[in-house]
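Student: Could we go through this structure together, one question at a time?
Tutor: Gladly! Have a look at it first, and then ask away.

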Amino acid sequence: GATFSIHQVAELPKGDGVWVYFECADLDERVKDLIAKGLEMEEMPNDKPWLWREARIKDPDGNQIILFYAGDNRVNPPWRIEG
């Protein structure tokens, strides 16, 4: 039930670079494990207005890695219009 797409480009994006999202049901525990291994989080887990819980870290190239948990809200948010 997961997909991962890669697009080859001649030049990397400017500014914020690439953002990669990984959903983890155990987000807070994963973040604790990463910190225990010596990694520094850019943003600790927090609840977002779009009903996801997110944490952020940068990879060695400065790309944004977003760890999140959205559960059912990822595909069925309360504002979803049926039909």
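Student: What percentage of the accessible surface of the chain belongs to carbon and sulfur atoms?
Tutor: Accessible areas here come from the Shrake-Rupley method with a 1.4 Å probe, and for residues only the protein chains shown count as cover. The accessible surface of the chain comes to about 6600 Å². The part that belongs to carbon and sulfur atoms is 53%.

Student: What should I know about the model itself?
Tutor: This is a predicted model, where local features need pLDDT of at least 70, side-chain atom pairs count only at pLDDT 80 or more, and totals for chains, interfaces and linings use all residues. Residues are numbered from 1 along each chain as its sequence is written, and side-chain values use heavy atoms, with hydrogens and water left out.

Student: Which pattern does the chain follow along the sequence?
Tutor: Helices (H or I, at least four residues) and strands (E, at least two) are DSSP runs, numbered from the N terminus. The chain has 1 helix and 4 strands. Read along the sequence, they give the pattern β-α-β-β-β.

Student: Is the chain more spread out than a compact globule, or less?
Tutor: We compare the radius of gyration, taken over C-alpha atoms, with the globule rule, which is 2.2 Å times the number of residues to the power 0.38. For 83 residues the rule gives 12 Å, and the chain has 15 Å, well over that value, so the chain is more spread out.

Student: How many residues of strand S4 are buried?
Tutor: Buried means under 20% relative accessible area, exposed over 50%, and partly exposed in between (1.4 Å probe, protein chains only). In the chain, 24% of the 83 residues count as buried. Strand S4, residues 64-69, is mostly covered, and of its 6 residues the buried ones number 5.

Student: Which residue is the bridge partner of Glu23 in S4?
Tutor: Two strands pair if DSSP finds at least two bridges between them. Strand S1 (residues 19-23) runs parallel to S4, joined by 5 bridges. In S4, the partner of Glu23 is Phe68.

Student: Which residue in the turn between S3 and S4 has a positive phi?
Tutor: Strand S3 (residues 53-58) runs antiparallel to S4, with 6 bridges, and Ile57 stands opposite Ile65. The two strands form a hairpin with 5 residues between them. The turn residue with a phi of about 90° is Gly62.

Student: Does Leu51 count as buried, partly exposed or exposed?
Tutor: Leu51 lies in the loop between strand S2 (43-47) and S3, and its phi is near 70°, a positive value in a residue other than glycine. Its relative accessibility is 37%, so Leu51 counts as partly exposed.
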